[in-house]
Amino acid sequence: MLVQDRVAPPKPPKSRIRELPPSHRFAEPKNLDFFSSWVSENVYRVVIFFIFIVTVAAFFFLYKTTDTASLLCFQSQSTQSIQSLTRPQINWNSIQIVSDKASPYASFRTEKWVVVSVTKYPTEELKGLVKIKGWQVLAIGNSLTPKDWDLKGAIFLSLDAQSELNYRILDHLPYDSFVRKSVGYLFAIQHGAKKIYDADDRGEVIDGDLGKHFDVELVGEYARQEPILQYSHENPNRTVVNPYIHFGQRSVWPRGLPLENVGEINHEEYYTEVFGGKQFIQQGISNGLPDVDSVYYFTRKTTFEPFDIRFDEHSPKVALPQGMMVPVNSFNTLYHSSAFWGLMLPVSVSSMASDVIRGYWGQRLLWELGGYVAVYPPTVHRYDRVEAYPFSDEKDLHVNVGRLIKCLLAWRSDKHRFFETILDLSFVMAEQGFWTELDVKFTAAWLQDLLMVGYQQPRLMSLELDRPRATIGHGDRKEFVPRKLPSVHLGVEEIGTVSSEIGNLIRWRKNFGNVVLVMFCNGPVERTALEWRLLYGRIFKTVVILSSRKNSDLYVQEAKLDHIYKRLPKIFDRYSSADGFLFVEDDTVLNYWNLLQADKTKLWTTDKVKESWTTVKPSGNADWYSVQVELVKKIVGTMPVHFQVNYKEATKKNDDTILTMCSSEVFYVPKRLVSDFTDLVNLVGDMDLHYKVAVPMFFLSMDSPQNFDPVLGSMVYKSEPASLNTSLSLYSAEAPAVHPWSISSEQDFIKLVREMAVGDPLLMELV
């Protein structure tokens, strides 16, 4: 389900309203027969007027009962209807502060806490956390934790101990999950916390000092009074970044980064600066096993050797401006008291999605306070125990995270108290299916518990996001070029400098990084869409997937192949800054390494491939070809002079009864001709012109064939139906493209990758 702006209800056609004479609309009935006659004559007008009134009433009802955010993030096919959700009503002033009187630690107070979830007996890393001076470790148990768990120097809250605390959130928490850490956050706040380090039990703090790496103090004499590098806000369409690039690892990405952004590996051209003091959420980088998703974990391993990835400890910390987000986890993150409300871990999403969704939710709300997230150099070393979690545990990430970011950026609230604003966003996120009503209730319980343990809600500040963005002058630009450290890319270890394979990937990305790939899938997208994005998303700016059936969960848009060209102008508008648009059907393979020599300012098509580009002379007046010929004549007759001259010059050797056709499995439109293509689509309008006729007509109208780039002229092309045996025998890594190729399952995709690895060896370890 795509996030859409909520549209106003449809109004009755104005022409019909104007047709109602005043005498008919307002005259008083003189008798019953007259009234009956009038109703029978005007029944459709009465019905339309009634529908209009009901629609307007419904709109105002929704407006009052939802809010501005719902209007901005509304989607028509929500996973659960708005009517099924209930917005909690809370009397905040009635909540009394309650001190801890039940636990053995009732009188204990300290400002700095480390909160971890424990499932097994204490690890060596956890024992090291207990030794950090000035920090109190709080271990939260669950139903999987050994009954005799104990660690000297740590406070341990078993399930029984948690139940004695009388927090409202206890009614909503699962028994066997790390999200029970939410109990620990409340306990720490109740016992004087001003800083909470959110950690796990396999991270060893580098040098045993959190204060050496994080900004533990934001005010006072011990605070570091220094400006912080900040990502540039110059591009408003850039909404999420991979912070690992800044710290020297371009081929690694964090869990929670949308997969469509994985291919963005270029370092920053420049940064800006921001004053320190409001980095209320501080995300640390982890050496060893960084926080990566299962896609990275399972595609970068060839053996059972543990990961040992290192980041640049000398790279400066970097902040995120409003309008730009970064994945935030629960493994290595410092929260200051102004952001304690953001520690809540959702309970209705998959386990490995909970903290990431919390992070995006919290970042958006942090902007309401004028705060921001900052990412810090390596703070811990996490050991890879070769115990990866399954892909299914991340299901709510890969399906929803890109849509979530868009929704959060569009969301606005008109509430005047911060906790009402938090509840407002949580309700909208349930409306949009990012979590369920259970998390709306959980949020309400969490906020009430915060007040109960003595937390004071922060004050709202004006949102900078809606202000005009300041121009970044030359003097405001700060340069920093990250080091390129050894890494692992698709199972191939980089030694010291960039290997030739990585060098090729960077070269391909540099060439095609601003080209949009538009793919039409004839096969089952449920089995192939993610694989296509992983294959081509590394190379192109983005991969837009179209199919005859819409699949919102996989970001697959609906389109008709016969009229596919009519769908392209909308994609052109969405990616208006792109250098060009390359269209390909899923039965055609792109050997992108052989497209580097092509001119991206010219049209690419298969006019030199005789099996693809053909002419047909209709045999009769009523067959399909004859109908298409007549449509072409009609359209050409309405073309502006420059289009018409080009087309007639290109087809002058043929009479006007001959139809030029192209199979159009692959073609490219450069940026300079996008507006021409759109104009030609508009000339076609509602006419039933087939895309195999429309595309060659468009190309011949936009430019002379002698100006077409010949890159696709050497592609391997056979007209017989695609089959696995046919595809395997046809494939050549030396050709720019190969047609046909049959892809209908993950197994077919694996066979394709094996063949393509001849030209791109980095694909070798995917299979």
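**Helices, loops and a buried threonine**

Reader: Which residues of H19 meet H21?
Author: On the H19 side they are His642, Phe643, Asn646, Tyr647 and Ala650, and they meet Met697, Leu700, Ser701 and Met702 of H21. Contact here means heavy atoms within 4.5 Å.

Reader: How many of those are nonpolar, polar or charged?
Author: The contact of H19 with H21 has 6 nonpolar residues, 3 polar and no charged. Nonpolar covers Ala, Val, Leu, Ile, Met, Phe, Trp, Tyr, Cys and Pro; charged is Asp, Glu, Lys and Arg; the others, Gly among them, are polar.

Reader: Before we go on, what am I looking at?
Author: A predicted model, where local features need pLDDT of at least 70 and side-chain atom pairs pLDDT 80 or more, while totals for chains, interfaces and linings use all residues. Residues are numbered from 1 along each chain as its sequence is written, and side-chain values use heavy atoms, leaving out hydrogens and water.

Reader: OK, at what angle do H19 and H21 cross?
Author: The axes of H19 (residues 641-650) and H21 (residues 691-702) cross at roughly 105° and come within 6 Å. H19 and H21 are therefore roughly perpendicular to each other, a label for angles of 65 to 115 degrees (under 35 is roughly parallel, over 145 roughly antiparallel, the rest oblique). Axes are lines fitted to C-alpha atoms, for helices over the stretch in contact, with angles from 0 to 180 degrees between N-to-C directions. Helices are DSSP runs of H or I with at least four residues, strands are runs of E with at least two, and both are numbered from the N terminus.

Reader: And Gln706, is that buried or exposed?
Author: Gln706 is exposed, at 71% relative accessibility. The cut-offs are under 20% relative accessible area for buried, over 50% for exposed and partly exposed in between (1.4 Å probe, protein chains only). Gln706 sits in the loop between H21 and strand S22 (716-717). Its C-alpha is 9.5 Å from that of Ala650, 56 residues apart in sequence.

Reader: Switching topic: where does Trp593 lie?
Author: Trp593 is in the loop between strand S18 (589-590) and strand S19 (613-616). Trp593 is buried, with a relative accessible area of 11%.

Reader: What is Trp593 in contact with?
Author: Skipping its neighbours within four places in sequence, Trp593 contacts Trp508, Tyr731, Ala733, Met756, Gly759 and Asp760. The Trp593 side chain also reaches the backbone oxygen of Ala733 at 2.9 Å.

Reader: What about Thr333, where is its place?
Author: In strand S10 (residues 332-336), and at 0% relative accessibility Thr333 counts as buried.

Reader: Which peptide bond is cis?
Author: One joins His739 and Pro740, with omega about 5°. Pro740 is in the loop between strand S23 (737-739) and helix H23 (746-756).

Reader: Last one: what is the phi of Asp207, and of Tyr555?
Author: Asp207 has a positive phi of about 65° though it is not a glycine, and Tyr555, also not a glycine, has phi near 60°. Most residues other than glycine have a negative phi. Asp207 is exposed, with a relative accessible area of 54%, whereas Tyr555 counts as buried at 16% relative accessibility.

Note on methods. A polar contact is a pair of N or O atoms within 3.5 Å; within protein, one must be able to donate a hydrogen and the other to accept it, and residues adjacent in sequence count only if both atoms are side-chain atoms.
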